[in-house]
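Here is a predicted model to read term by term.

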Amino acid sequence: PEITDDFAAQVRPGLTAESLKEELRKAVDTQDSQEYMGARNEALGASLAEVVEVEVPDTLVTNQAREKYALMMTDMRNNGMGDDEIKQMINPENFIKYKDIYAESIVRDFKISMALDEISRLENIQVPAYQIEEQLQQLKDQANQAGQADEFDDEQVRKKVESTLERRMVFDFLAEHADLEVEYMKEGEDQFDEALMEKLAQESLEREQTSTR
């Protein structure tokens, strides 16, 4: 059936038949390229990190590493690791090793974040209000279905949604102006994290056994 202006206005006030068709075309294109968007953004982010020159404070690296370390422990618990084993891993020696391993990626992510924010400011990239509301409503519905409506912080979630959508728009903007040749590779970070945690747990156990002799 033909899309009319009246029908488009019912979808969203102010929308025309032509603009609705354009949005539908973009939606189809986005769906087709969704599989490659993560790799595309990784390539763009890596390029940004290489050209950003900024001194990243060690305190920031330490705080970010501490948060990642805590999340790692939570993941290990969720995956079935016992509390006693987790407690053995929570010590200064293991944290320093973890920080040393991930410091470079933390600095890279910080540089990427700074660059994306600055590009958004310079190019005046703003997320349409209706996109934020649509995404926010979806998250509210999911919270309601999961029985977590009381824990849903509308304002906090709204800020995260806007930030996520804005950065996605910045990556889309960069992709339109960049000459990319992406090589797709299988990610192994999750497996590395698990192996690292097992190694740290074993070292902690050995230290504990040595100290009790």
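Q: How many aromatic pairs does the structure hold, and why is the pair Tyr69 and Phe95 called edge-to-face?
A: There are three aromatic pairs. Rings of Phe, Tyr and Trp (its six-membered ring) pair if their centres lie within 6.5 Å; planes under 30 degrees apart are stacked, over 60 edge-to-face, the rest tilted. The ring centres of Tyr69 and Phe95 are 5.7 Å apart and the planes stand at 75°, so the pair is edge-to-face.

Q: Why does the pair Tyr69 and Phe95 tie together parts that are apart in sequence?
A: Tyr69 sits in helix H3 (residues 58–78) and Phe95 in helix H5, so the pair links parts 26 residues apart in sequence. Helices here are DSSP runs (H or I, at least four residues), as are strands (E, at least two), numbered from the N terminus.

Q: What makes the pair Tyr98 and Tyr102 tilted?
A: The distance is 4.6 Å centre to centre, with 35° between the planes. That angle falls in neither the stacked nor the edge-to-face range, so tilted is the label. Tyr98 and Tyr102 are four residues apart in helix H5, which means about one helical turn separates them. Both are buried.

Q: Which residues form one aromatic cluster?
A: The cluster consists of Tyr69, Phe95, Tyr98 and Tyr102.

Q: Why is H3 called roughly perpendicular to H5?
A: Two packed helices are described by the angle between their axes and the distance between the axes. Axes are lines fitted to C-alpha atoms, for helices over the stretch in contact, and angles run from 0 to 180 degrees between N-to-C directions. The axes of H3 and H5 cross at roughly 115° and come within 8 Å. That angle makes H3 roughly perpendicular to H5. The cut-offs are: under 35 degrees roughly parallel, over 145 roughly antiparallel, 65 to 115 roughly perpendicular, the rest oblique.

Q: What is the handedness of the crossing of H3 and H5?
A: The crossing is right-handed.

Q: Which residues make the contact between H3 and H5?
A: On H3 they include Tyr69, Leu60, Val61 and Met72; on H5 they include Phe95, Tyr98, Tyr102 and Phe110. Contact means heavy atoms within 4.5 Å. The residues of this contact divide into 12 nonpolar, three polar and four charged. Ala, Val, Leu, Ile, Met, Phe, Trp, Tyr, Cys and Pro are nonpolar; Asp, Glu, Lys and Arg are charged; the others, Gly among them, are polar.

Q: Why is H6 called oblique to H7?
A: Helix H6 (residues 129–145) and helix H7 (residues 154–177) pack at about 125°, axes 10 Å apart. That angle makes H6 oblique to H7. The crossing is right-handed. Among the residues in contact are Leu136 and Leu139 of H6, with Val161 and Leu165 of H7. The contact holds six nonpolar, two polar and five charged residues.

Q: Why does Lys111 count as buried?
A: Its relative accessibility is 17%, so Lys111 counts as buried. Lys111 belongs to helix H5 (residues 92–122). Beyond its neighbours within four places in sequence, Lys111 contacts Ala49, Val52 and Val54.

Q: Is Val51 buried or exposed?
A: Val51 has a relative accessible area of 62%, so it is exposed. Val51 is in helix H2 (residues 17–51).

Q: How many helices and strands does the protein have?
A: It has eight helices and zero strands. Buried residues make up 27% of its 213 residues.

Note on methods:
Residues are numbered from 1 along each chain as its sequence is written. This is a predicted model: local features need pLDDT of at least 70, side-chain atom pairs count only at pLDDT 80 or more; totals for chains, interfaces and linings use all residues. Side-chain values use heavy atoms; hydrogens and water are left out. A crossing is left-handed if the near helix is turned anticlockwise from the far one by less than a right angle, and right-handed if clockwise. Buried means under 20% relative accessible area, exposed over 50%, partly exposed in between (1.4 Å probe, protein chains only).
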